[in-house]
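Let us take a walk through this structure together, from its overall plan to a few strands and then to a pocket.

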Amino acid sequence: MPILYILLGLLVLVLLLILLVLFVPVYARITYEDELRVQLWMLGVPISLLPSEDKPEETEGKTAKTSASAKPSKVKELLGEVSRSFKEDGVAATLGYLTDLAKLAGQAVGCVLRSITVDKLKLELIVADGDVDATAIRYGQVCSVLYPALTAIAGVIKVRKRGLRVEPNFLMENSTVSADVRLHIWVYRVAGAAIVLLVKFMLLKQGEPNDLITDKEETNHGK
């Protein structure tokens, strides 16, 4: 009996830890000055992702060989599955399958992005090219890309505080970039979205009707 109580206590402890991890936000800070730095905080514990620690050359060589050998196999496996699908199901069915798969991938990215809240976004960009005309052209190019991109991001990710400074400098030779992004993400939202998408993917693999793989806009339009 004491062993049973100990096992039950350990099980309860593990469940509590899982719930704690799921319902406590994970904080992240991404900065760039001369080097990209990424740091996470999980349950108050800091985890540095970048810059990564230097590893021995032998380890890097093995890792590179492993990744190099793993990537082609994954690609071959995917191409083989598509080829078999073309032979067995036909072109139309295969294209429909790939379309649904692309929709699932888009939904996965959207769910992850909606789980993120940017607490602070600070970006300072000084555009310079050593020449007045070249700097003016480069400044226009940067603005034409940067502002629409930030608008698109703000349409998906909630941004609470934003500070943006983009200016041309006709005296400098090179451009400078400084960025500081602080955000948090709710793990339970990502986990829930992953479970739903996994179920949809399994239904898709089994050839079930893909009514679930539709956007809200399509559903509303159908009504």
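Predicted model: local features only at pLDDT ≥ 70, side-chain atom pairs only at ≥ 80, totals over all residues.

Residues are numbered from 1 along each chain as its sequence is written, and side-chain values use heavy atoms, with hydrogens and water left out.

The pairing of strand β1 (residues 26–32) with β7 is antiparallel and runs over seven bridges; two strands count as paired if DSSP finds at least two bridges between them. On to the next neighbour: β1 also pairs with strand β2 (residues 36–42), again in the antiparallel sense, over six bridges. Here R29 has Q39 in β2 as its bridge partner. Three residues lie between β1 and β2, and the two strands form a hairpin. M42 finds its bridge partner in β3, namely V45. This hairpin of β2 and β3 has two residues between its strands, and L43 in the turn has a positive phi of about 55°.

Now step back to the whole chain. It has six helices and seven strands, where helices (H or I, at least four residues) and strands (E, at least two) are DSSP runs numbered from the N terminus. Their order along the sequence is α-β-β-β-α-α-β-α-β-β-β-α-α. Of the 223 residues, 18% are buried, meaning under 20% relative accessible area with a 1.4 Å probe, protein chains only. Among contacts with a separation of 6 or more, 71% are between residues 24 or more positions apart; a contact means heavy atoms within 4.5 Å.

Finally, visit the second largest pocket, with a volume of about 270 Å³. A pocket is an open set of points on a 1 Å grid where a 1.4 Å probe fits, with protein on both sides within 12 Å along at least five of seven lines; lining residues have an atom within 4 Å of a point. This pocket has 14 lining residues, with V118, L121, L150, I153 and V181 nearest its centre. At least two lining residues come from each of β4 (116–127), α4 (132–156) and β7 (176–185), and α4 gives the most, with five.

Note on methods
Points joined across faces, edges and corners; volume = space filled by probe spheres on them. Buried < 20%, exposed > 50% of the residue type's maximum accessible area, 1.4 Å probe, protein only.
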